[in-house]
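Please look over the sequence and the structure shown here before reading on.

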Amino acid sequence: KLNIIGTTGTVAPPLKEETNISRMLEGTFTVANDRASYPCNPSTIAKFQEVIAKVPDFPFSYYAMASCLRQRGDSSWKGYAMKAVDILENTTIIDGHHPSHDQVLRELNLALHR
């Protein structure tokens, strides 16, 4: 039920929601218009890899890795994208899942021509 930045998205400013995942991802994204973007540098990529290792069922770290690697022209992006799709195909059937799961699943399926 977590969103792309690892929170539930139910807390409104001035409060700040934190989870173990959101703390690990801190500094790896910016959010504008309900859309996260990633500065794909070695530091953020290392954090995505850490989240993948520690929370392998969190689909958005795979999505972020796929996005960064695709931007760099690295063909290994598809492996990360397919792993994210595998997870998202399960999370999108959970009642009350965050809409970002559906959005990212659609985006990845288009990118993978599925």
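## Helix 4

The structure is a predicted model.

Several residues of helix 4 are buried, namely Trp77, Ala81, Ala84, Val85, Ile87, Leu88 and Thr91. The cover over these buried residues includes helix 3 and helix 5.

## The largest nonpolar core

The largest nonpolar core holds 32 residues. Those that touch the most other members are Ile4, Tyr38, Phe48, Trp77, Leu88, Val104 and Leu108. Two or more residues of this core are given by each of helix 1 (20-25), helix 2 (42-54), helix 3 (59-71), helix 4 (77-91) and helix 5 (99-111). Helix 3 provides the largest share, with eight residues.

With its neighbours within four places in sequence left aside, Ile4 is in contact with Leu25, Ala36, Tyr38, Phe58, Phe60, Tyr63, Ser100 and Val104. Among these partners, Tyr38 and Val104 are also listed with Ile4 as core members that touch the most others.

## Pro59 in helix 3

Pro59 is part of helix 3. The relative accessible area of Pro59 is 3%, and this residue is therefore buried, since the cut-off for that term is under 20%.

Apart from its neighbours within four places in sequence, Pro59 is in contact with Ala84, Ile87, Leu88 and His101. Of these partners, Ala84, Ile87 and Leu88 are among the buried residues of helix 4. Pro59 and Ile4 are 55 residues apart along the chain, yet their C-alpha atoms are separated by 8.3 Å.

## The disulfide

How many disulfides are counted in the model? The count comes to one disulfide. It joins Cys40 to Cys68, with an S to S distance of 2.1 Å. Cys40 lies in the loop between strand 2 (35-37) and helix 2, whereas Cys68 lies in helix 3, so the pair ties together parts that are 28 residues apart in sequence.

The link of Cys40 and Cys68 is left-handed, with -75 degrees about the S-S bond. Are these two cysteines, Cys40 and Cys68, buried or exposed? Both Cys40 and Cys68 are buried.

Note on methods: Residues are numbered from 1 along each chain as its sequence is written. This is a predicted model: local features need pLDDT of at least 70, side-chain atom pairs count only at pLDDT 80 or more; totals for chains, interfaces and linings use all residues. Side-chain values use heavy atoms; hydrogens and water are left out. A nonpolar core is a set of buried Ala, Val, Leu, Ile, Met, Phe, Trp, Tyr and Cys residues joined through side-chain atoms within 4.5 Å. Buried means under 20% relative accessible area, exposed over 50%, partly exposed in between (1.4 Å probe, protein chains only). Helices (H or I, at least four residues) and strands (E, at least two) are DSSP runs, numbered from the N terminus. Contact means heavy atoms within 4.5 Å. A disulfide is a pair of cysteine sulfur atoms within 2.5 Å.
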